[in-house]
Amino acid sequence: MKLFPTLAAGVSLVAATYSYAAHAGEDDKYGGTLVVAQNAEITQLDPGRQLGWETFRITRHIFDALVSEDLSKSGNDEPSPAIIPALAESWAVSPDGKVYTFKLRQGVKFHDGTDFNAEAVAFNIRRAWDPSFEFYDEVTAVNVRNTYIYLDKVETPDASTVVLTFKQPFSPLLRLLAQGSGGTGLIASPESIRKYGNDGVVEHPTGTGPYKFVERIRGQSVEIERFDDYWGEKPYLDRIVFRPIPDGNARVAALETGEVDLISWPPRDAVERLKGEGFDVPNVSIPSIYYYNVNFANEAFKDVRVRQALVHAIDREALARDLLKGTASPGYSVLVPGSAAFDPAFRDYNFDPEKSKALLKEAGLEKGVSATISIYAGGEAVAEWVQRDAAKVGINLNIRSYDWNSFLAQERTPGADVGFSSMEWGFLTPYWLSIVGNSNSGSNTGGYKSEAFDAAVSKAIAATDPAQEVANWREANRIIAEDVGKIPLFLERTHYAVGKNVRDFASPAQAWYDLKKVWLAEK
Amino acid sequence: MTMTASPLPAPNRRPAFGAGFRLGRTAVALVVIVVVVAAALLAPLLAPFDPLSGDGALRLLPPGTEGHLLGLDAQGRDVLSRLLWGARPSLIAGLVPVAAALAISLVLGLLAGYASSFLGGLIMRVIDALFAFPMILFAIATVSLLGPGLTTIIVTITVSLVPYMTRIVYGAVVGEIGKGYLETARLLGASRSQVLFKELLPNVVSPSIVYATTLIGPMIGFSSGLSFLGLGIQPPNADWGRMTVEGVEVFAQGAPHVVLAAGIAIIVTSLAFNWLGSGLRDILDPQQG
Amino acid sequence: MIAFFLRRLTAAILVLAAVTFVVFLIVYLSPGDPVKTLLGQSATAEQIAGMRARLGLDLPFHEQYGAWLWRVAHGDFGRSISTQVPAMSILLPAFGNTLILALSSLFLSLLFGIAIGVTSGFRAGRLLDKVLMFFTEVLAATPVFWLGLILIWIFARELGWLPSSGMRNMRARGSSLDLLAHLVLPSIAASVLAISIIARLVRGAVIDVLASDYVKIAQAAGMSSFRIFRKQVWRNILPPIISVGGLQFGTLFGGVIFVEAVFAWPGISAQLFNAITAGDVAVIQAGVLMIAATFVAINLVVDMVLVWLNPRRALS
């Protein structure tokens, strides 16, 4: 056998394919426990209080929203996952773009046995939006602010109809309802919130989703199991266990030893080895960009020429190719691929150190300029790379690295010495531009302010004609890029490594996944 | 009062080995320490490359790559150059906090052992409280006030050492008081401060210094733990601790040389200081040896 | 004995109060803001300020600390600010897990520390002694997280003998054997330093005892090494072992943070680390109080045992 390794591998591959084919009958796909290793302890299993992708990857299996995204395809085949019906069977938008009418699915039960109906939808929306409501939750209101910011009223003409009326046309609504992280439309059982209260319900997450909550042990695991009365197609896996393993090497080791089946964020340098060992590491772009927020309180970087000089100085192709080893692609705008307004040909500024020096000279800084670059842990290598490129043109950056929480604590009020701070985020909807750059947005860290940009964003949000909307978003994108309001760096492409036992895992063009169709070869 | 107990190996109380062996060991330790200190001081002259800037195309090339004796790290920087430059903050992280803690502990320990029983009790209860205090909280608070870096490392390690060292000093003081020569001095007309500084201090200092020496190496290791948690030296600068952290990230990816170089530097230097400690004890404290 | 106990208990309560005061002050002064963690990226400055006011975080220090002390005196440790979950429901299970790891490490420390120390002590100056002492010195000089990663690499990934992380097998509900398998590597990593300390201490004590007159007489009388050990040595090395063992147990609680991070052990340090970085004062206070109380209680027990072994100590 050893003399013919290729042949042997070929034979076993054929055998394997054959056996899967033989086993791939629908019935054989059911059963088993999938263990997922996440890169951080999740936050809260409450639709209104979940922040962050790792949390939403769990909650979207426990709860449903009115609409969902079709995440069954790889992001390379479908860069913009379709909006599909979920708790709403159908919906209609009024010609002026202000009124959304949802027809609800009938006969849907929450995990606690109570009925899903229009009242439940109104309950969840009012919890997040109506300060006069008994169960109004301020935390939820802040967390999902982006979704309901223009909502005027919510009405339930009958038990299976919900009508949302907005103060102005609001095109991003459906995408925001379907997603997580900074705006979501997931719906929890009103009974569970009445019973446990706005604070207590996090320990008793109760939705209508394909899986119901079993147990959470902080620092150890969150366990969910199949909900047999689920309204949709029955999912294959019996149970899913999510474990936090913050250390990247430990996460990889757990995958290699078979303790877990799926990991988030394989460390970059592990990707080649994992592939060599036969693990699948999908290379797919998701709607998220790693960028630096410019601190507009910094004296030097208030000058647009200095900001442009920095962008000209950074070789983003080399960054993605050499340092990130192809696990990322260079980013030239905060707008992400898959977004309706994304233009693949768009470039903010080219890599051109000479131009960079000329701009600094023009700004009277030919002798050099210094600033601090403030990052959260994990971004060190990238920061060092940028630091080196910037130093070549005379921009001297000091790196200050924080753990995530400490980073958040200082991010909004950095000292004037801070020139930039790191962030990785993004939305599929072009509304993301407003979230990241609008002067009225809480997430516009660093204080970028441009009247032209704000005006273009307002027009885009209120547009009712899709072509007009795209044109307006592109205009906004052009403005923020020319102003260097943010410094886009790269888009991560390797988000998961998949165990050898796992079948039909799709790495979709979203920051989360759907495990309903995933099954295990060996139970 | 509990018996004195240390976080780290207390010096051997009895001769471990023959005098010749111990002398040889101390000599080896001294040579190692001189080499490390010289490397740190002469880093600008000795280091073949810029420790902070590398060539991305050369990242993770193994030891022996042309011109790079110890290979290159994940940013394509020369490992030997980083090791040489990194000796500076690493030695500082080992030496300065131990010296500072020694000074503080001598004062506290002498006061606690020799002052009134009320003050003594108070000091030792405060020391108890420090034992129970989570140092990581202290480290993070220090970071938020001073920013991450060498100062934070020094302050954190100093404060975490004080309770242990104060107990050692206190134990030594109580032991000396029991010996009775202090009372003789008092009877012969020496003042309290004379007794304290002329009689007591010299007898307490030497065991304390010996103990302190053995702490230097492990504290270099501890500072690497702080870097692991993101509280230590900031990139692209590196101490050996930060190098092990960076090295660990690529260790499993077929580039073990980064973490091995830094890890071995920490272990060898720690051992040298330990051995120096035993040697010092033989010289300073022969009645115990 | 009872007076001694009462005196120490009073002191212990004062120590705990002092620790919580200082911790509260540090958290109050440091810039971490749990409300930002609670409200997330979309929150505006006004929303953050409003929530701070609602949670009483804008009150002066003495009012906040006073309110906290009052609640704790009534057994209420409050809610985590950044998650609004009761602090104890976050910490108690994690504390139990850390206790398991710490106890298992203590067991390994004592087992190997005493074994190595006694062997070395009886063989003082010989090659075996030199090898063992060198070994413990190297262990003491090895950074803990580094050792942990090497252990995972060898025993989990390459050899596949032991699991690499966590506390139980997530597929099959864990048996106690499963827990044991998960305990081995983190316990070893957490105990090397203590093994080294205890070994050297025991070795010194053994050498002391062996050099004493009564042991020499016993040896001259032809008593076997084992009997000498059982009759004389053991009794004399017990007090320092108890004393250091107790201290090490306390230190393990503070020191396991690296081990728990490397092995993804669901213990208290990850929860406390998150709370500390977020400035979540309720969780920090409850956690610190738990750790400090454990430490103080162990010290007290150790002292009581030592007094019981040698009543004259109570007088000093």
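Strand S7 of chain A is largely enclosed by the rest of the structure, because 6 of its 6 residues are buried, where buried means under 20% relative accessible area, exposed over 50% and partly exposed in between, with a 1.4 Å probe and protein chains only. The model is predicted, so local features need pLDDT of at least 70 and side-chain atom pairs count only at pLDDT 80 or more, whereas totals for chains, interfaces and linings use all residues. Residues are numbered from 1 along each chain as its sequence is written, chains are lettered from A and ligands numbered from 1 in the order in which they are written, and side-chain values use heavy atoms, with hydrogens and water left out. Helices (H or I, at least four residues) and strands (E, at least two) are DSSP runs numbered from the N terminus.

In a regular strand the side chains alternate between the two faces of the sheet. In S7(A), A:Thr161, A:Val163 and A:Thr165 point one way, while A:Val162, A:Leu164 and A:Phe166 point the other way, and all are buried.

S7(A) belongs to an open sheet of 4 strands with the order S4-S5-S7-S6 and antiparallel pairing. Two strands are taken to pair if DSSP finds at least two bridges between them. The edge strands, each pairing on one side only, are S4 (88-93) and S6 (151-158) of chain A. On average, neighbouring strands of this sheet are turned by 20° against each other, direction ignored; axes are lines fitted to C-alpha atoms, for helices over the stretch in contact, and angles run from 0 to 180 degrees between N-to-C directions.

The pairing can be followed strand by strand. S4(A) is joined to S5(A) (residues 99-104) in the antiparallel sense over 5 bridges, and A:Val93 has A:Tyr100 of S5(A) as its bridge partner. A:Tyr100 also stands opposite A:Leu164 in S7(A), and S5(A) and S7(A) pair antiparallel over 5 bridges. A hairpin through 2 residues joins S6(A) to S7(A).

Helix H3 (residues 118-129) of chain A lies across S5, S6 and S7 (161-166) of that chain and runs at about 165° to S6(A). Helix H2 (residues 53-62) of chain A is mostly covered, 10 of its 10 residues being buried; among them are A:Trp53, A:Phe56, A:Arg57 and A:Ile62.

In chain B, B:Val107, B:Leu111, B:Phe118, B:Leu119, B:Leu122 and B:Val126 form a nonpolar patch on the surface, with about 540 Å² of accessible area together. Helices H3 (79-114) and H4 (117-132) of chain B each give two or more residues to the patch, and H4(B) provides the largest share, 4 residues. Patches consist of residues with over 30% relative accessible area and no salt bridge, like charges being joined within 9 Å and nonpolar side chains (Val, Leu, Ile, Met, Phe, Trp, Tyr) within 5 Å. A salt bridge is a side-chain nitrogen of Lys or Arg within 4 Å of a carboxyl oxygen of Asp or Glu, and accessible areas come from the Shrake-Rupley method with a 1.4 Å probe. B:Val107, in H3(B), is partly exposed, with a relative accessible area of 49%. B:Tyr164, in helix H6 (residues 150-177) of chain B, is buried at 10%.

Helix H11 (residues 268-278) of chain C is mostly covered, with 9 of its 11 residues buried, including C:Leu272, C:Phe273 and C:Ile276. Just after H11(C), C:Gly279 takes a positive phi of about 70°.

Notes. Contact = heavy atoms within 4.5 Å.
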